[in-house]
Amino acid sequence: MAIRKVREVGDDVLTKECREVKKMTPRISQLIDDMFDTMYEYNGVGLAAPQVGVLRRIIVVDVGEDPRALINPRIVSHEGTQTGEEGCLSFPGKYGIVTRPMKVTVEGLDRNMNPVSWEAEGLLARCFCHEVDHLDGHMYTEFVEGEIHDVAMEEAMEEEDE
Ligand code: NI
């Protein structure tokens, strides 16, 4: 178990295309464990390998249901739209409104290198889209509607209530 340093916006590694994973190795397995540890340490719901400086097509997600790692992920279909707030561990303390599909089907390999096809909706769908974008060097900030802001809407609403 290890927490890795999260690369932040301005770091070139976040703008690069990641390479596919051809086989599971102890090193890749360790990377996946460390990605989970790092995501939980920073209270994220998803993390992509380039965010810890590794240019491989690997993501981890956990929106509070079940933790999943996905290798060589592809969004193969999508349906509907959702517009909501998004943030990124590589751009700490910033948020922006992004429109994403409401539902997606994502395919790839699980950590045993078995092919999987998962359907996701709502936050999980948003999360898969966000993380897969990282593997092609894209950040949500490219798709933000309006201004990027400093306070999450949820926190802003809590402040208004006080
Ligand atoms: Ni991100």
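Before I start on the helices, one term: a helix here is a DSSP run of at least four residues, and helices are numbered from the N terminus. The model is a predicted one.

**Entry 1: helix H1**

I looked up H1, which covers residues 26-41. Phe36 and Tyr40 both sit in H1, 4 residues apart, so about one helical turn separates them. I then checked their rings. The ring centres of Phe36 and Tyr40 are 6.2 Å apart and the planes meet at 20°. Planes under 30 degrees apart count as stacked, so this pair is stacked. The structure holds 2 aromatic pairs.

Is Phe36 buried or exposed? I found a relative accessibility of 12% for Phe36. Buried means under 20%, so Phe36 counts as buried. Tyr40 has a relative accessible area of 37%, and I noted it as partly exposed.

**Entry 2: the segment before H1**

I went to Ala2, which lies in the segment before H1. Which residues does Ala2 touch, leaving aside its neighbours within four places in sequence? I listed Asp34, Asp37 and Thr38 as its contacts. Ala2 and Thr38 are 36 residues apart along the chain, yet their C-alpha atoms are separated by 7.4 Å. Ala2 is partly exposed, at 32% relative accessible area.

**Entry 3: the nickel ion**

Which residues coordinate the nickel ion? I found Cys88 through SG, and His130 and His134 each through NE2. The distances run from 2.0 to 2.2 Å. I wrote the spacing of the donor residues down as C-x41-H-x3-H. Cys88 is in the loop between strand E4 (82-86) and strand E5 (95-100), while His134 is in helix H2 (residues 123-135). The two are 46 residues apart, so I marked them as a link between distant parts of the chain. Both Cys88 and His134 are buried.

**Entry 4: the largest pocket**

I looked up the largest pocket next. About 830 Å³ of space lies in it. Its lining has 30 residues. Nearest the pocket centre are Val45, Glu86, Gly87, Cys88 and Tyr95. E4, H2 and helix H3 (153-161) each give two or more residues to the lining. Which element gives the largest share? I noted H2, with 6 residues.

**Entry 5: a charge over a ring**

Last, I checked Arg68. Its charged end sits over the ring of Trp118, 4.6 Å from the ring centre.

Methods
Residues are numbered from 1 along each chain as its sequence is written. This is a predicted model: local features need pLDDT of at least 70, side-chain atom pairs count only at pLDDT 80 or more; totals for chains, interfaces and linings use all residues. Side-chain values use heavy atoms; hydrogens and water are left out. Donors are N, O and S atoms within 2.8 Å of the metal (3.2 Å for Na, K and Ca); water is not among the atoms, so sites may look incomplete. Buried means under 20% relative accessible area, exposed over 50%, partly exposed in between (1.4 Å probe, protein chains only). Rings of Phe, Tyr and Trp (its six-membered ring) pair if their centres lie within 6.5 Å; planes under 30 degrees apart count as stacked, over 60 as edge-to-face and the rest as tilted. A charge sits over a ring if NZ of Lys or CZ of Arg is within 6 Å of the ring centre and within 35 degrees of the ring normal. Contact means heavy atoms within 4.5 Å. On a 1 Å grid over the protein atoms alone, a cavity is a set of points where a 1.4 Å probe fits but cannot get out, and a pocket is an open set with protein on both sides within 12 Å along at least five of seven lines; lining residues have an atom within 4 Å of a point. Grid points are joined across faces, edges and corners, and a volume is the space filled by probe spheres set on the points.
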